[in-house]
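User: I am new to this structure and would like to understand the terms used for it. Could you take me through them with care?

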Amino acid sequence: MITIRQILVEDGEPLEKAIKRFKRMVEKEGIIREWKKREYFEKPSTIKNRKQKALARKLMKKTRKTHDSKGGY
């Protein structure tokens, strides 16, 4: 789904300020991140593998953090 975002430029407002406001809005809504994610086709198996690896890293980090806090110096 494509949504068009727009901003209103006030009279006397510098164009640079309006562009900065637009960039902030686009970044906040994650439009660029979503576009980069969908830029190229990714096979379902690749998506599955990427998610599994991310989960493994997250669990490893969590176990390392709990292990370090229990017996650390």
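**Terms and values**

Analyst: Along the sequence, the protein chain runs in the pattern α-α-α. The model is predicted, with local features needing pLDDT of at least 70 and side-chain atom pairs pLDDT 80 or more, while totals for chains, interfaces and linings use all residues. Residues are numbered from 1 along each chain as its sequence is written, and side-chain values use heavy atoms, leaving out hydrogens and water.

User: Why does Glu13 count as buried?

Analyst: Buried means under 20% relative accessible area, exposed over 50% and partly exposed in between, with a 1.4 Å probe and protein chains only. Glu13 has 18% relative accessibility, so it counts as buried. Glu13 is placed in the segment before α1, and buried residues make up 5% of the 73 residues in the protein chain.

User: How do you know that the span of helix α1 is close to the one expected?

Analyst: The expected span is 1.5 Å times one less than the number of residues in the helix. Helix α1 (residues 15-29) has 15 residues and reaches 21 Å from first to last C-alpha, close to the 21 Å expected.

Note on methods. Helices (H or I, at least four residues) and strands (E, at least two) are DSSP runs, numbered from the N terminus.
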